[in-house]
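The sequence and structure come first.

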Amino acid sequence: MTNRGYVRPLAGLATVVALVAIVALAVTLFRGTYADTVPVTVISERAGLVMNPDAKVKMRGVQIGKVSSIESKPDGTAAIHLAVDRSQLHLIPSNVDVDIASSTVFGAKFVQFQPPPDPSPQRMHEGQVIQSQHVMVEINTVFQQLVQVLDKIDPTKLNQTLGAIATAFNGRGEKIGQTLTDFNAFLAKIEPSLPNLSHDIEAAVPTLSAYADAAPDLITTVQSSTQLSRSIVDEQQNLDAFLVSSIGLADIGNDVLGSNRQALTDVTHLLVPTTDLLNRYHDALGCSIAGLAYLGKWPPLALPGVVVSAGLTLGVERYRYPQDLPKVAAKGGPYCKELGLPALPPEYRPPFVVADVGSNPNKYGNQGILLNSEGLKNWLFGPIDGPPRNTAQIGMPG
């Protein structure tokens, strides 16, 4: 009977111990104490307001690990250490995107793995460090930014502004309503033109880009215009004196030109033939001036004087009267560029231009040694008086 008295308490104690062991095992398994995990680190701008250890790590809505610890860095970022199931590593690409997400604004945060558009063939490995892409906006962040804005506003000025707005709106509700109604009608009227407006905006992109590229030059032009305006203001007295002098000069010029109007008109009419001739032969004048400029670039002579290059050539037919009288009937204008002027190479002989000028040294085509040459006798003996001394008895004595 005594042994039987201990059986029931021992059985009860064993039952309690078994229940405690089952509960402890369930809690341990739930916490993942015996799970086979590998460490992975996520660097985030911030961990989030409600990001705690043991937070879930999910991918496509399935939990693949948990947050083991959170470390705050001196630069304000957070290092979130994860424990990812080893069995899931072969399913996660190494370039996976990481977000700190939440189901609601006030809900607890969790780490969300997002497969990238172009997943890498390499898989996530143990000890990998990943940069998070996004941290969900939290209500405390909104309140903090709102407090910073309100901290810069003077309550007295804000009250005055709101009072002025209330006074401005007081009694104008009907007008404001009518304005909104008209604005709504205006929007409904221009709504069919929105595609055209969108097309015009797209077409204006090259123009706006051109203006953007030219903006520095435009700004420089505006600055130069400003400087010019300042210079005009600073020199306004001198400008006034210049304008007054110009007015006086204009009055004098008006008197001079007015009194000599007829004479200037006659002179202008007389200059028309000369100007027409100069206009026709302006190429020749240009060649002459260019030739003088070309000669001006030559080095000076060793001794003062003139250097002449002369030589003996074959004789030509002598001058005969009256067929060799000069004649002014040449046409065609100057042949400056055609002859290679103004700068001719050494020993260059310009071609002979045939024109109606009376004398033609090539009319017989018999250039050569001529006996009884008038030029030779004049050179030896001087001019000889008397009748013609040739067989045909033609021309001057020779």
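## Terms and basis

Buried means under 20% relative accessible area, exposed means over 50%, and partly exposed is in between (1.4 Å probe, protein chains only). Helices (H or I, at least four residues) and strands (E, at least two) are DSSP runs, numbered from the N terminus.

The model is predicted: local features need pLDDT of at least 70, side-chain atom pairs count only at pLDDT 80 or more, and totals for chains, interfaces and linings use all residues. Residues are numbered from 1 along each chain as its sequence is written, and side-chain values use heavy atoms, with hydrogens and water left out.

Two strands pair if DSSP finds at least two bridges between them. S2 pairs with S3 in the antiparallel sense, over four bridges, and Lys56 stands opposite Lys66 in S3. With strand S6 (residues 109-114), S2 pairs in the parallel sense over three bridges; here Lys58 is opposite Gln112. The charged end of Lys58 also sits over the ring of Phe110, 4.9 Å from its centre (NZ of Lys or CZ of Arg within 6 Å of the ring centre and within 35 degrees of the ring normal).

## The turn at Arg60

S2 and S3 form a hairpin with two residues between them. Arg60 is not a glycine, yet has a positive phi of about 55 degrees. The relative accessibility of Arg60 is 65%, so the residue counts as exposed.

## The salt bridge

A salt bridge is a side-chain nitrogen of Lys or Arg within 4 Å of a carboxyl oxygen of Asp or Glu. By this rule there is one salt bridge. It joins the side chains of Asp356 and Lys327, at 3.3 Å from N to O. Both residues are in the loop between helix H8 (282-296) and helix H9 (374-381), and they are 29 residues apart.

How accessible is Lys327? Lys327 has a relative accessible area of 45% and is therefore partly exposed. Asp356, at 37% relative accessibility, is partly exposed.

## A threonine in helix H7

Thr275 belongs to helix H7 (residues 261-280). Because its relative accessibility is 39%, Thr275 counts as partly exposed. The side chain of Thr275 reaches the backbone oxygen of Val272 at 2.8 Å.

Definitions and conventions: Polar contact = N/O pair within 3.5 Å; in protein donor to acceptor, adjacent residues only side chain to side chain.
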